[in-house]
Amino acid sequence: MSDTSGLITPALVDLYLAPEDKSEALRVLAQRLVAEGRVTDLEGFLADIAAREAQAPTGMGDGIGIPHCRSPHVTQPSLAFGRSARGVDFDAPDGRPADLIFMIAAPAGADDTHLQILAALARRLMDPAFTGALREAESPSAVAARINGEEAPVAATEAVPAPETPATLQPTAADGGLRLVAVTSCPTGIAHTYMAAKALELAATRAGARIQVETQGSAGTTPLDPEVIAAADAVIFAHDVEIRDRARFAGKPTVDVGVKAGVNRADDLIAQAAGLVTGAGTRPTTAAVTAPATVVTASAPGEHWAQRLRTYLMTGVSYMIPFVAAGGLLIALAFAIGGYQIASAPSVLGHFDWTSSHSWAAMLFQTGKTSFGFLVPVLSGYIAWAIADRAALAAGIAGGAVSVAVGAGFLGGIVSGLVAGFLVLWMIRWNVPRAIRGIMPVVVIPLLSVAVVGFLMFVVVGSPIASAMTGLTDWLNGLSGSNAIMLGALLGAMMAFDMGGPLNKVAYTFAAGALTTAGTTPDAGSLKVMAAVMAAGMTPPLGLALATVVRSRLFSPEERENGKAAWVLGASFITEGAIPFAAADPLRVIPAGIAGSMTAGGLSMAFGSTLRAPHGGIWVLPLIGSPFLYLVAVAAGTAVTATVVVLLKGMRKPAAAAAGFPVAGKEAVAA
């Protein structure tokens, strides 16, 4: 067995996988990886697997489950295989429990050769002959040999299909038939990317069509030839992360779905593409969303418009946050060094003294203010980009800049981004002559879209939105008493409801946008709003971390391990540190988080704490107004979250034990 083929050994095969519970089945398979030295830390690896499972189900249908992850605890690319007689529920789209479970473990820094092996395996999972042979195999050695692509030690009834190179042209389609191109991608780039590619290739062959697929996965990407794209009749995007260089496909009829649709509904997608070409199908949805280091969802047919709108806004916010964080922290540091009067300092161009703290403070303030100047254009530009890709960036950014110029602020940026995105999306779908198709994304679309969006923002909608922004700023600055407390509690509930999701981002955007209008008043209402939002965002992970300490038996070993990290994440204002807990037990964790965040947000507003820095957690404590009372608000919210989650979980456990179910990871003893 060579180094490159030793993905699995007989010791990593369990032909009689007993647990029906998913978490227990994953633990059994992971223990085999640990025993073979393929994984160094069982609990750490299981936490990484659980984090991937929380992103999206890994049940593929047809009785196949592919739990997988990249993990620093993996020593070499490996696979543990389990065959279950009763099946394990992996939330497959067809509802069928998985009897074949492939646990794919990739090192965090796996090289291209090893990742290509995993990619080849993922493609082979779409071959019924391959999975059928695994269902019939009688020994672990036969399973290991077949997965590794070696000759099985016993006579096989069919040949093992050789791994295929991505983007292989199907030779069976008749000349002159339907020509398609496709791009597949998934968050980890290990399994779904290549399974979707194989499924589309097989479906195209069955339909008598020709297709080339570009897999944008971890094993590297071979871009489609521009001539192939130009000759294609239609495009299929099956992805959960943004397609790279999407403008290459501008003007083509497009089917745009999530990557799992490419795996499970490949025949339907080929038919939809054919319908677009002949004019018999519906127009495609082309919007997709991306964000840095996070998991992204593509718009699929039938998705509600409100869901798509939220994803567009979240994309803009995600790209805006670095500008907010950099600018806000620089401004906050400037005020800490030079006081609030530093805002009126002359330009450091020609007035900079290397030995003067006042000059350094002025430089920090002016740099931060410049960074803040990009906030609205970036928000607007990437909302437009989420809707219609790179071709919409120019109109979105220009619209955001006009919004700043007319005083419409971040509300104007949201409007200009949406207008620019949908305008360009409509223009992309124009059926233009091939002769000018190449200049559409670089000349025609930017020229027309920037002109239209500029006109709308200057002449039509800019002034009304500017008036609304002025009113919002005046209202925030005038908040006091019960009104301020109620606003803080409401924003706190939004921060904790989805812990980094749409409502969380709406609340954060509201606070960050208001921060840009704060001016130089030390106790402006907008500064109080920012403080309340950060306090509310810190308490869910802190509260759950505290709960794992005071009532550890109510949490699984994986949750207790996550609790250690949640202390740091919560203290750093990273609300997403609570997501592993919420994914495992949402009905108890989310209400507890909301209760604690409402407490923290309301108390912060009641205490009048202020914050000009848009991020940082306890690390920007010197920049917080009334810091001691602010810590009291955070501590109170943390205590409420921990108390509520302990009470709710404590009510569940006795009931579960009485029913004979496992409690805290141990088997209940039958009476």
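Predicted model: local features only at pLDDT ≥ 70, side-chain atom pairs only at ≥ 80, totals over all residues.
Leaving aside neighbours within four places in sequence, valine 378 is in contact with Tyr319, Met320 and Phe323. Valine 378 lies in helix H12. With a relative accessible area of 11%, valine 378 is buried, because the limit for that class is under 20%. In sequence, valine 378 and alanine 398 are 20 residues apart; in space, their C-alpha atoms are 9.5 Å apart.

The secondary structure comes to 24 helices and twelve strands. Of the 671 residues, 53% count as buried. Among contacts with a separation of 6 or more, 73% are accounted for by residues 24 or more positions apart.

I return to alanine 398, which is one of the H13 residues in a contact between two helices. How do helices H13 and H16 cross? The axes of H13, residues 393–405, and H16, residues 440–460, come within 9 Å and cross at roughly 20 degrees. That makes H13 roughly parallel to H16, since angles under 35 degrees fall in that class. The crossing of H13 past H16 is right-handed.

Which residues make this contact? From H13 come Ala394, Ala395, Ala398, Gly399, Val402 and Ser403. From H16 come Pro446, Ser449, Val450, Val453, Met457 and Phe458.

I turn next to the aromatic rings. A pair of aromatic rings is described by the distance of the centres and the angle of the planes. The count for this model comes to seven aromatic pairs. In one of them, the rings of phenylalanine 352 and tryptophan 360 have centres 5.1 Å apart and planes at 80 degrees, so the pair is edge-to-face; the threshold for that label is over 60 degrees. Both partners are partly exposed: phenylalanine 352 has a relative accessible area of 26%, and tryptophan 360 has one of 35%. Together with Trp354, Phe352 and Trp360 form one aromatic cluster.

Tyrosine 382 and tryptophan 385 have ring centres 5.4 Å apart, with 70 degrees between the planes. Is tryptophan 385 buried or exposed? Tryptophan 385 is buried, with a relative accessible area of 11%, whereas tyrosine 382 is partly exposed, at 22%.

My next topic is helix H24, residues 627–658, in which threonine 638 lies. At 8% relative accessibility, threonine 638 counts as buried. Not counting residues up to four places away in sequence, threonine 638 touches Thr539, Leu542, Gly543 and Leu546.

Lysine 649 also has its place in helix H24. Is the lysine at position 649 buried or exposed? Lysine 649 is buried, with a relative accessible area of 2%.

I close with two points on the backbone. Most residues other than glycine have a negative phi. Serine 626, however, has a positive phi of about 55 degrees although it is not a glycine. Serine 626 is found in the loop between strand S12, residues 624–625, and helix H24. At 34% relative accessibility, serine 626 counts as partly exposed.

Aspartate 91 is likewise not a glycine, and its phi is positive, at about 55 degrees. Where is aspartate 91 placed? Its place is in the loop between strand S5, residues 78–88, and strand S6, residues 98–107. With a relative accessible area of 42%, aspartate 91 is partly exposed.

Terms used. Residues numbered from 1 in each chain as written. Heavy atoms only, no water. Axes fitted to C-alpha atoms, helices over the stretch in contact; angles between N-to-C directions. Helix = DSSP H or I, 4+ residues; strand = E, 2+ residues; numbered from the N terminus. Parallel < 35°, antiparallel > 145°, perpendicular 65-115°, else oblique. Left-handed = near helix turned anticlockwise from the far one by under 90°. Contact = heavy atoms within 4.5 Å. Phe/Tyr/Trp six-rings, centres within 6.5 Å; stacked < 30°, edge-to-face > 60°. Buried < 20%, exposed > 50% of the residue type's maximum accessible area, 1.4 Å probe, protein only.
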